[in-house]
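Trainee: Please take me through one part of this model in close detail. Then set it beside the strands.

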Amino acid sequence: MAVLSVSRRTASRRTVARSLRILGVASASAALALGTAGNALACNINEFSAEAKCDGDKGVITVTDVDPAGIPATVTVYLENNGADQKKVGEQVVKGSREGTTITFTEDWKPNAEYRIHVKATPYVDEDIKPNLVTPATACKKEEEKPPATEPATPTPSASPSKPAEETDTPADTPAPAPSESESTTPAGNAPAPAAGDSNLAETGADSNTGIIAGIAAALVVVGGGAVFFGMRRRGASNSDS
């Protein structure tokens, strides 16, 4: 009987120890699971997202945090160029919510530009949102279309092009000839009429023989007058003799 009692006591102790070990393992597993879940619920990089948008004609970059625990996180935005930070656009602190909390960075981004967004929430998150943000291929502000340039009208060549000043016969600095006395004193359109008898002579070119013709005419008149005079005397003499 004593041996049986000791055996039962030993088995009971072993059962209790085994149960305690099982309970310890379960408790440790539960604590680890709760710790992991707590860290996951506290803050996670997957709870952050970024987007390039347009606010009218201006570009903006928005970052949304859907962390239900509302852990403060610092968000920094960098413009990338060939895999390196070209400039720091800005930095803001965000407290997430189950519905999502959005912060906005004013940035006049160019089409197809690349931005790196870094999130830091100690001691939970300290990394970039993957992949990097690439802006749309179309800019927010459309460039105004310029009207097509009109071709200048081709000048019509004149029938008789004027002679350049440097090619004229009279030099530019040579004074114009002074008008003659007849041109300066006689108004245009009122030229004096030629004297009577001069126009015919001028037209026929006989003005140089006028004196000769006048002398011959005078001689004929004298001869004719003398003949008439002598004829009348003879007739009178003959009448007296009879």
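Mentor: Start with residues 212–232, where UniProt, in an unreviewed entry, places the feature "transmembrane region". UniProt positions follow the numbering used here, feature names are shortened, and annotations may be inferred rather than shown by experiment. In the predicted model, this span is 100% helix and 0% strand, and its end C-alpha atoms lie 31 Å apart. Helices (H or I, at least four residues) and strands (E, at least two) are DSSP runs, numbered from the N terminus.

The model is predicted: local features need pLDDT of at least 70, side-chain atom pairs count only at pLDDT 80 or more, and totals for chains, interfaces and linings use all residues. Residues are numbered from 1 along each chain as its sequence is written, and side-chain values use heavy atoms, with hydrogens and water left out.

Now strand E3, residues 72–81. E3 runs antiparallel to strand E4 (residues 84–95), with ten bridges between them; strands pair if DSSP finds at least two bridges. Leu-79 stands opposite Lys-87 in E4. Two residues separate the strands of this hairpin, and Asn-82 takes a positive phi near 55°. E3 also pairs with strand E6 (residues 114–121), antiparallel, over six bridges. There, Thr-74 has Lys-120 as its bridge partner.

Another sheet is open, with three strands in the order E1-E2-E5 and antiparallel pairing. Strands E1 (48–55) and E5 (101–106) are at the edges with a single partner strand each, so one side of each has no neighbour in the sheet. Six bridges join strand E2 (residues 58–65) to E5. Asp-65 stands opposite Thr-101 in E5.
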